[in-house]
Amino acid sequence: MGIIGDSLNKAATATATRPIPKSAGAQTRFHVRHEKGSTRTVAQRLGISQRAVERYLKGQIKTPRPELAAETHTNWQPRVRERAKKQAARSIGIIIETRARFGFTAAPGTFDDGRIRRITQHLPPQYAARLFDAQTAGASEQQLQNIAAEGLQEQYFKDRGRRADGLVVEFTDIDYVELDYS
């Protein structure tokens, strides 16, 4: 996934109300509970042997494999994540903090060369909903960037439609992006 998609996933992880299990045994118990006691299903999903899952449960393997930790982060508290996403898409919106190159084309014939800017901006719920829907639909990183750029264009550069009518913003050379909707 790209930088915007990863930021959306990181923001979703931050909505957790309880800490994510840290030990290999606790992570494996979570997955086995999630699969209604089937160690075989957990083994198939993680790409390891059923015996390895049983060894995790017994505490014979202490260090979690990267796949186990990643799967735990992905599946931890799915209802809490969905509730936070719905709230962001309906009422609170999303906060985007980024450092990237922003260039824009304004009135006919004028062009401002891009420059690095650090921007922190609240985007209204409709942009949060569009980002979540696009991510769920499997949109490319470029499509997610275009939605974020459009939101920043309308909210930051055009000041919610009060100035710079006809301005088109380019959002490139992203140094970092952090999203928050918790």
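1. Let's start with a helix pair: Ala-24, Gly-25, Thr-28, Arg-29 and Val-32 of H2 meet Val-53, Tyr-56 and Leu-57 of H4, where contact means heavy atoms within 4.5 Å. Sorted by class, this contact of H2 with H4 has 5 nonpolar, 2 polar and 1 charged residues. Here Ala, Val, Leu, Ile, Met, Phe, Trp, Tyr, Cys and Pro count as nonpolar, Asp, Glu, Lys and Arg as charged, and the others, Gly among them, as polar.

2. A word on the basis: this is a predicted model, in which local features need pLDDT of at least 70 and side-chain atom pairs count only at pLDDT 80 or more, while totals for chains, interfaces and linings use all residues. Residues are numbered from 1 along each chain as its sequence is written, and side-chain values use heavy atoms, with hydrogens and water left out.

3. Back to the helices (DSSP runs of H or I, at least four residues; strands are runs of E, at least two; both are numbered from the N terminus). The axes of H2 (residues 24-34) and H4 (residues 50-58) come within 7 Å and cross at roughly 120°. That makes H2 oblique to H4; angles under 35 degrees count as roughly parallel, over 145 as roughly antiparallel, 65 to 115 as roughly perpendicular and the rest as oblique. Axes are lines fitted to C-alpha atoms, for helices over the stretch in contact, and angles run from 0 to 180 degrees between N-to-C directions.

4. Now the charged pairs. The count comes to 8 salt bridges, each a side-chain nitrogen of Lys or Arg within 4 Å of a carboxyl oxygen of Asp or Glu. One of them joins Glu-35 and Arg-45, with the closest N and O atoms 3.0 Å apart. This pair links distant parts of the chain, 10 residues apart: Glu-35 is in the loop between H2 and helix H3 (39-46), and Arg-45 is in H3. Glu-35 is partly exposed at 22% relative accessibility (buried is under 20%, exposed over 50%, partly exposed in between, with a 1.4 Å probe and protein chains only). Arg-45 is also partly exposed, at 28%.

5. Within H4, Arg-51 and Glu-54 are 3 residues apart, so about one helical turn separates them. Their side chains meet in a salt bridge (3.9 Å, N to O). Arg-51 is partly exposed at 42%, as is Glu-54 at 27%.

6. Glu-97 and Arg-118 form another salt bridge, at 2.8 Å from N to O. Glu-97 lies in strand E1 (residues 94-105) and Arg-118 in strand E2 (residues 111-123), so the pair ties together parts 21 residues apart in sequence. Arg-118 is exposed, with a relative accessible area of 56%.
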